[in-house]
Amino acid sequence: MRSATSTARHRQSPLNVLVKSLAALLGVVLLSALGPAAAQARPAGAEATATGLHVSNGRLLEANGNDFVMRGVNHAHTWYPGETQSLADIKALGANTVRVVLSDGHRWTRNGPDEVAGIVDDCKTNRLICVLEVHDTTGYGEDAAAGTLDHAADYWISLKDVLAGEEDYVIVNIGNEPWGNTDPAGWTAPTTAAVQKLRGAGFAHTIMVDAPNWGQDWQGVMRAGAQAVYDADTTGNLVFSIHMYSVYSTPQAITDYLQAFVDAGLPLVIGEFGGPADQWGDPDEDTMMAAAETLDLGYLAWSWSGNTDPILDLAIDFDPSRLSSWGERIFHGADGIAQTSREATVFGGGGSPGDTEAPTAPGAPIASMVTATSAVLTWPAASDNVAVAGYDVVRVSGSVEVMAVSSATTSATVTGLTADTAYLFAVYARDAAGHRSVRSATVDVTTDKGGPTPGVSCSVGYRVVGEWPGGFQGEITIRNTGTTAIDGWNLAFAFANGQTLSNVWGGTATQSGSTVSVAPAGYTAVITANGSIVLGFTGTRSTTNTAPTAFTLSGNTCTTA
């Protein structure tokens, strides 16, 4: 769960954090002894009554029997209803599913029938399976502002006319993280009742239910009770969703949980997960993604953009050409969306003959706006028998390729380069079915020499936004105090107390000992005269956290603000 008003997982005192961390560790141990009961046979003919997407033998299938594995992201529609391009951008990066945040009106502005119908149409236009969820239930029992699953069920029933006939394309996620850490066993009865209420109202859709403990189920309530909840749905068309954040920081915790559902023949997806470390811990996203791929389980990363804690933004400011390091990991990393996503066959993708060809190779890239630390690359478009989903720019060194940046368009800005250095870049095209083109021709790029840039005048402001034991979040404001624009820069400074940077947004950082060097992101490369840009970061610290006192920009000493 991440809300527009607070992206904190829970507001807790340091003592509560410690107590819950210990409880989480205990919960992981207990989970190994709390596996679901052995799978039971469904009532005769139950699965035959399902239409569209449906569950059979613990697997999510399409109407034609094709196995469907979700590979996608979450999108916070209810807080950003004006971001109407987001689904197209998510699709262009290879996703086959999007989980859309909605409100039933209990806590945020209600998303009405016409609006939801438009979202469903947008999903279908962009060939995405649409998981619709009510977010108002988040943390019920612990968060006094949260709504009930029963209220959420009534909301879905009010949308029945909109959702009827969309069973091939829509999954109903009744309520997000519908129970907090207070008496999580209380989750079972209202979850079962909400499922039965929707079935009684005539819903044939696949229904998804989230776990208690703010979705993380660290006390094993959903894991222990999943079979009973599943058996209460006479259609057998029910999927369980686990949210994996800091509780899941070790390979054993992740694989034990996922494997338990697979062994029990119960359908499970990772409905949300994070990767960047924060004050609650460091989720092991590599194991989450690898295990999901090995076990053929779906995953939906949190979240596309708009988090007040921007380390969880996959795309910065909803711009698909400005993926964060978290976004690059999800879309283009090992076991990521570009590598593993397959489009649903209902759209003519996946295993159907609709998209069996790889795109053609893009044209040779051309470099422009080369600075000491960055370069803009453009290239002629590739073609595909269905559609090109995006492009991957790689740095080539002999037989080795390193991912540099991805783009939904035919241009990209490569940042984090070293001054006075020769590079070789090339481009791949990819389609939504996961096919990748052969590599384009290469382009040689030699960055400008380093050293002070004549005419640069600057000031730098540094502040700590927040601290917690062992870590902190900071912000750096760079102001151009000169009379001409700065196009490309490198910021250098040193920490005094052994601090290290963990995540940076607005730039790309390298650190050697105490010395830090930051190159701009594409959208921060230009600082207009008398203008400024802001960098954000998280880092680790010891007891003392003294602010840096000296900064240089492209070799020029800046005043401190």
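Trp156 touches Leu102, Leu132, Glu133, Val134, Leu163, Val172, Asn173, Ile174, Leu198 and Phe203, leaving out residues up to four places away in sequence; contact means heavy atoms within 4.5 Å. The model is predicted: local features need pLDDT of at least 70, side-chain atom pairs count only at pLDDT 80 or more, and totals for chains, interfaces and linings use all residues. Residues are numbered from 1 along each chain as its sequence is written, and side-chain values use heavy atoms, with hydrogens and water left out.

**Cores**
- The largest nonpolar core has 99 residues. Leu132, Trp156, Leu163 and Phe240 have the most contacts inside it.
- Helix α8 gives the most to this core, with six residues.
- Another core, of 22 residues, lies apart from it and includes Val456, Tyr462, Ile478 and Phe493.
- A nonpolar core is a set of buried Ala, Val, Leu, Ile, Met, Phe, Trp, Tyr and Cys residues joined through side-chain atoms within 4.5 Å. Buried means under 20% relative accessible area, exposed over 50%, and partly exposed in between (1.4 Å probe, protein chains only).

**Chain totals**
- The chain has 11 helices and 28 strands. Helices (H or I, at least four residues) and strands (E, at least two) are DSSP runs, numbered from the N terminus.
- Of the 561 residues in the chain, 55% are buried.
- Among contacts between residues at least 6 apart in sequence, 73% join residues at least 24 apart.

**α8 against α9**
- Helix α8 (residues 251-264) packs with α9 at an angle of about 25 degrees, their axes 10 Å apart. Axes are lines fitted to C-alpha atoms, for helices over the stretch in contact, and angles run from 0 to 180 degrees between N-to-C directions.
- The two helices are therefore roughly parallel. Angles under 35 degrees count as roughly parallel, over 145 as roughly antiparallel, 65 to 115 as roughly perpendicular and the rest as oblique.
- The crossing of α8 and α9 is right-handed. Right-handed means the near helix is turned clockwise from the far one by less than a right angle, left-handed anticlockwise.
- Pro251, Ile254, Thr255, Leu258, Gln259 and Val262 of α8 meet Thr287, Met288, Ala291, Ala292 and Leu295 of α9.
- By class, this contact has eight nonpolar, three polar and no charged residues. Ala, Val, Leu, Ile, Met, Phe, Trp, Tyr, Cys and Pro count as nonpolar, Asp, Glu, Lys and Arg as charged, and the others, Gly among them, as polar.

**α9 against α10**
- Helix α9 (residues 285-295) and helix α10 (residues 325-332) pack at about 20 degrees, with axes 11 Å apart. That makes α9 roughly parallel to α10.
- Their crossing is right-handed. Glu285, Asp286 and Met289 of α9 contact Trp326, Arg329 and Ile330 of α10.
- This contact has three nonpolar, no polar and three charged residues.
- Seven of the eight residues of α10 are buried, so α10 is largely enclosed by the rest of the structure. The buried ones are Trp326, Gly327, Glu328, Arg329, Ile330, Phe331 and His332.

**Two buried loop residues**
- Ser246 sits in the loop between β8 (238-244) and α8. Ser246 counts as buried, at 15% relative accessibility.
- Leaving aside neighbours within four places in sequence, Ser246 contacts Gln216, Trp280, Gly281 and Pro283.
- Ser246 and Phe273 are 27 residues apart in sequence, and 9.2 Å apart C-alpha to C-alpha.
- Thr371 lies in the loop between β11 (366-368) and β12 (375-378). Thr371 is buried, with a relative accessible area of 10%.
- Thr371 is in contact with Thr447, Asp448, Asp487 and Gly488, leaving aside neighbours within four places in sequence.
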